Amino acid sequence: MTMSCPGGKFSLISTWMTPAWDDGLVVKLDGWENGSLKVTRSFTLPDTRTKTFFDSQLSDFKDLDSLVLSSDTHTVVDDITIEISKDCTVIPREADPKVDANAGIALVNVA
């Protein structure tokens, strides 16, 4: 999953994650700023029955314009809290149905 804020900046404050299928799933988060990798972290999610809350572990994910979450299989992500520090360039909803025109955040490659 890629979340981007064209023309703006955001910080990842917190989120819940759970592996959808495989226990011990490793999830990698890459935070980008102006086309350069700013921060990367990997987390191991224990099992499919345990949701894991992340907040203080994300303290370096500040002032990003793009965030990429990757894993070998599906990851359940819930209640993402972000803080927008610079307004994103809003893409009109009719141009891309995956864009929340109210927030200006685009979710790319979301299955």
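Two strands count as paired here if DSSP finds at least two bridges between them. Strands themselves are DSSP runs (E, at least two residues), numbered from the N terminus. With that in hand, take S3 (residues 25–33) and S4: they run antiparallel and are joined by nine bridges.

A word on the ground rules. This is a predicted model, where local features need pLDDT of at least 70 and side-chain atom pairs count only at pLDDT 80 or more, while totals for chains, interfaces and linings use all residues. Residues are numbered from 1 along each chain as its sequence is written, and side-chain values use heavy atoms, with hydrogens and water left out.

**The S3–S4 hairpin**

Along this pairing, Lys28 has Ser42 in S4 as its bridge partner. The hairpin has two residues between the strands, and Asn34 takes a positive phi near 50 degrees there.

**The open sheet**

Now to an open sheet of three strands, in the order S5-S2-S7, with antiparallel pairing. Strand S5 (52–54) and S7 each have a single partner strand and stand at the edges, so one side of each has no neighbour in the sheet. Neighbouring strands here are turned against each other by 10 degrees on average, direction ignored; the axes behind such angles are lines fitted to C-alpha atoms, and angles run from 0 to 180 degrees between N-to-C directions. S2 and S7 pair in the antiparallel sense over nine bridges, and Met17 sits opposite Val77 in S7.

**Aromatic pairs**

How many aromatic pairs does a search of the whole structure find? It finds two. Rings of Phe, Tyr and Trp (its six-membered ring) pair if their centres lie within 6.5 Å; planes under 30 degrees apart count as stacked, over 60 as edge-to-face and the rest as tilted.

| Pair | Centre to centre | Angle between planes | Class |
|---|---|---|---|
| Trp16 and Phe53 | 4.9 Å | 50 degrees | tilted |
| Phe43 and Phe54 | 4.7 Å | 50 degrees | tilted |

Trp16 in strand S2 and Phe53 in strand S5 are 37 residues apart, so this pair links distant parts of the chain. Phe43 lies in strand S4 (residues 36–45) and Phe54 in strand S5, so their pair ties together parts 11 residues apart in sequence.

Phe43 and Phe54 are both buried. Trp16 is partly exposed at 28% relative accessible area, and Phe53 is partly exposed at 35%.

Methods. Helix = DSSP H or I, 4+ residues; strand = E, 2+ residues; numbered from the N terminus. Buried < 20%, exposed > 50% of the residue type's maximum accessible area, 1.4 Å probe, protein only.
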